[in-house]
Each structure stands twice: as C-alpha cells, then as structure tokens.
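Let's take a walk through this protein together, starting from the inside. Have the model open beside you as you read.

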Amino acid sequence: MENNGEDIFKLIPQWGGAVLLLATLLSAGYLLSVDRILPSPEPEIDLLGKDSSPNRINDDLGGVPGEQVAISSSSSPVGLPYLLYLPPTWQPGAGHKWPILVFLHGQGESGFSPTDVALQGPPSLVKHNTSSLLGSEFAVLSPQKPPGSSWIEQGGLVVELVRKLVQSYDVDSARVYLTGVSAGGYGAWALAAQYPNTWAAVVPICGGGDPSWAPSLRSTPLWVFHGANDVVISVKQSDRMVKAVKEIGNENVTYTRLEDAPGHDPSWSEAGIPDMPGHASWVKAYYGKDGDILYRW
C-alpha cells in the first residue's frame, strides 16, 4: 500500500510504543512519512524571560538581532511555539524591509520544545552560521506544531504569526517564503494551497499533497525537491503534485528530482539518528553553494 500523505502521521502515538507501531505498519507495506519517532516531551515553562537578552526588542514576539530565540507556547502571541531569527544588522524602524523564510519541520520535531526544531534545515543553518547568505539577509521563522497534529491544522496560526511579524518587524509582505521537509513538505504544499496570497514562493521538500489543490497553486512560484531513492516518502508524491500544477498552467515550477539523494543530515550522527536512504534531499536544497542558489532564487 502506498503512503497517501499526512493522514498516516495521525497513527503515530505519543508514547514509547511508537517503535512497535512503526514495525507493524512497515510490515503491512506502509512507507511512513516520518523523520524520527520520539516520545513527546512534557510542556516546558516559558523559555524567554523579558530580560533574557540585552538586545531583545520590546514587543511580544521575542526577536533579538543576530540571534535565534526560542519562544514557548506560553510566550507565543498565537499559542504556537517557534524559533525566530533576525539578521545581525536588523534595526527596528530603519526603513529596510527584510525577506522572511518560514520553515515547517518534519514529524520528529513535533512537540513543546522549539529548540528541537533547529535539528536540521534553515534554523540549524542560522544557528551555526549567522554570516551565511541566509543568516545575513533573511529573517527565519520556524514554528513547532504539537504532537499528533498536522500543519494543515496549524496553518492559520502560522499565517497569523507571519502577519504579526510583518506588522512589527519590518518584514516585507511581498517576500514571505515558505519551505518544509518531510511532514513539513506536505505542510508546505497544503499551506501554499490554503493561503496562496501569503507566499512569494514555496519550496516543498520530500513531501506531497492532494493534486486537487493545483488550481489554488496556479500562480505560486514553486521549487520542489525530492529524492528518487527516498525510502521514507515515495518520490511519486512529488511527481504527481508537480504534474498537477503544471497541467493547470503554472509555468513557474522547478523540480529537482535527485537520483541519489543523501540519507542523512550532517547533524544526525551527533543526535543518534540513523540514516534514512534518500530522505535528506534538503541537504542539496539548503546547505552550501546549493543553498545560496535557492536563497537567491
């Protein structure tokens, strides 16, 4: 049986027996769309006190120029935990409008500790290198969804958070970009279709969606990444979405279909995460010279 998308995520329980469920589903022929399965942590207390940084901007969003700040659900103005990164040269009221990249994480980073979202992708990149092209020229918002929920369900909160950043942080509303990996790749397709006027461009990675969403994506610039050798989420998921949006008349679609995509993120060894052959196609999208090409796109 082919994995048909994000519905399978809701079968994953929030306790240590997830490994048993995984084995059962694999034996039944499912290809699970997960990054990793972990017991969900207990909700944590407020991660950001009002005086936690001398550079903290005086508002309810928690931004600090040159830092990536973790905001818990109790501090979040929309109730959704998130990481927020602002470039080192960001200054309130300076008149410069900044682009922002919104990153949707995979299933394994769901929870109540937003620091977990920095495992991989854009929040990992700006955490370790603020002088990179992404770190110097973009704000980066990385929300965290609760365990057992989908990005489709959390989409309204994500968009409301973006709206607040546009209002408060000199974010350019015409340069709001969306990307996501694995479960977040499904989320990127879904939120692109749900809120098509929000995003300047969308980059879904190793995800998928419903081809019936294509009419809503007619005018959205898309750059899609997927590994043909992905054993976690079949590349057919991206194939059919790309086919659908092209057939509806979207001529601004780029599809990077990697024949030999990586099986791990550089951070996985230290985190003790095993290889997942072909699944880490975001390595070719976000990092190094390949990443710079994407961020200049």
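This is a predicted model: local features need pLDDT of at least 70, side-chain atom pairs count only at pLDDT 80 or more; totals for chains, interfaces and linings use all residues.

Pick out Leu178 and look around: leaving aside residues up to four places away in sequence, its contacts include Val102, Leu104, Leu191, Trp199 and Val203. In soluble globular proteins, nonpolar side chains tend to be buried together.

Now turn to helix α9, which covers residues 288-296. Gly291, Leu294 and Tyr295 are buried here. Seen down the axis of α9, the buried residues fall within an arc of 95°, so they line one face of the helix. On the other side of α9 you will find Lys289, Ile293 and Arg296, which are exposed. What do the buried residues of α9 pack against? Their partners are the strands β3, β6 and β7 together with the helices α2, α3 and α8.

Finally, visit two loops. Asp170 sits in the loop between α4 and β5, and its phi is near 55°, a positive value in a residue other than glycine. Asp170 is buried, with a relative accessible area of 16%. Ser182 lies in the loop between β5 and α5; although not a glycine, Ser182 has a positive phi of about 60°. Ser182 is also buried, with a relative accessible area of 0%.

Key. Residues are numbered from 1 along each chain as its sequence is written. Side-chain values use heavy atoms; hydrogens and water are left out. Contact means heavy atoms within 4.5 Å. Buried means under 20% relative accessible area, exposed over 50%, partly exposed in between (1.4 Å probe, protein chains only). Helices (H or I, at least four residues) and strands (E, at least two) are DSSP runs, numbered from the N terminus. The arc is that of the directions from the helix axis to the C-beta atoms.
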